[in-house]
Amino acid sequence: MRVPRELIKYYFDYAVSDYLDENQDIPSDMSELDEYMPNLKATLMNNHEQLSFALGLKLLLEDPDVDLQEFYGYNFPLEDEEIRAVMDYLLKVVLPNKPIGHESVVITKDSIEDNRIERDLLYKINSEQTLETVAQKCGLTLDFIRKANPYWYETLGYSCPIEVGRTVKLKL
């Protein structure tokens, strides 16, 4: 599985940013982050990225020589040990009670969007296309495409063209 570096960094920062804004330091007891986890877990689930994020964290935690600063980008400086402690906590929270196999994982420089397109979570508009033509091309019902893309449906309906380069969700 290909896991973008950007994906790990995004969700790591997402997990700690509110806590750091309020407390200016990583907690000594990671359970202090518990109240911030429902939003993280919901976002990961909505984007179908729980496994990708967990496998990326697992790979990083297994490598004592990796520079963890590459996977953290928020404004508060953290030491590698602090980042490692949070990653260990996140790994336990993201997929609790689910064994994570030893799937082949590669950390890439791909963008999150490109990774989602590669995994058929998104479809990139590359010519004059509508929600209707995307649904036909991808074998989806109009009802499904409407539910997965409420913004595009409410803004353009089924038959107005979507701007080239934009993306359409293919999974709920």
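**Note on the predicted model**

1. Tyr10 and Tyr14 both sit in helix α1, 4 residues apart, which is about one turn of the helix. The model discussed here is predicted. The ring centres of Y10 and Y14 lie 6.0 Å apart and the ring planes meet at 45°, so this pair is classed as tilted. A pair of aromatic rings is described by the distance of the centres and the angle of the planes. Y10 has a relative accessible area of 39% and is therefore partly exposed. Y14, at 31%, also counts as partly exposed.

2. A further aromatic pair involves Y19 and Y36. Their ring centres are 5.8 Å apart with the planes at 90°, so the arrangement is edge-to-face. In total, the structure holds 7 aromatic pairs. One aromatic cluster is formed by Y10, Y11, Y14 and F53.

3. Just after α1, Q24 adopts a positive phi of about 55°.

4. Which residues have the most contacts inside the largest nonpolar core? They are F12, M37, F53, M87 and L90, in a core of 38 residues. Two or more residues of this core come from each of α1 (5-23), α2 (37-46), α3 (50-62) and α4 (80-94). A second, separate core has 10 residues, among them V134, A135, I145 and L170.

5. For M37, the contacts can be named. Leaving aside residues up to four places away in sequence, M37 touches A15, Y89, L90 and V93.

6. Is N149 buried or exposed? Its relative accessibility is 5%, which is under the 20% limit, so N149 counts as buried. N149 is placed in the loop between α7 (142-148) and α8 (150-156). Apart from residues up to four places away in sequence, N149 is in contact with L131, V168 and K169.

7. K169 also features in a comparison with K147. The C-alpha atoms of K147 and K169 are 9.5 Å apart in space, while the two residues are 22 positions apart in sequence. K147 is found in helix α7. With a relative accessible area of 46%, K147 is partly exposed.

8. H48, although not a glycine, has a positive phi of about 55°. H48 lies in the loop between α2 and α3, and its relative accessible area of 29% makes it partly exposed. D120 is likewise not a glycine and has a positive phi of about 60°. The position of D120 is in the loop between α5 and β3 (122-124).

9. The overall arrangement may be set out as follows. The chain contains 8 helices and 4 strands. Read from the N terminus, these elements run β-α-α-α-α-β-α-β-α-α-α-β. Along the principal axes, the C-alpha atoms fill a box of roughly 55 × 35 × 30 Å.

10. Of its 172 residues, 40% count as buried. The accessible surface comes to about 9500 Å², and carbon and sulfur atoms account for 49% of that area. Among contacts in the chain with a separation of 6 or more, 72% are between residues 24 or more positions apart.

Technical notes: Residues are numbered from 1 along each chain as its sequence is written. This is a predicted model: local features need pLDDT of at least 70, side-chain atom pairs count only at pLDDT 80 or more; totals for chains, interfaces and linings use all residues. Side-chain values use heavy atoms; hydrogens and water are left out. A nonpolar core is a set of buried Ala, Val, Leu, Ile, Met, Phe, Trp, Tyr and Cys residues joined through side-chain atoms within 4.5 Å. Buried means under 20% relative accessible area, exposed over 50%, partly exposed in between (1.4 Å probe, protein chains only). Contact means heavy atoms within 4.5 Å. Accessible areas come from the Shrake-Rupley method with a 1.4 Å probe; for residues, only the protein chains shown count as cover. Rings of Phe, Tyr and Trp (its six-membered ring) pair if their centres lie within 6.5 Å; planes under 30 degrees apart count as stacked, over 60 as edge-to-face and the rest as tilted.
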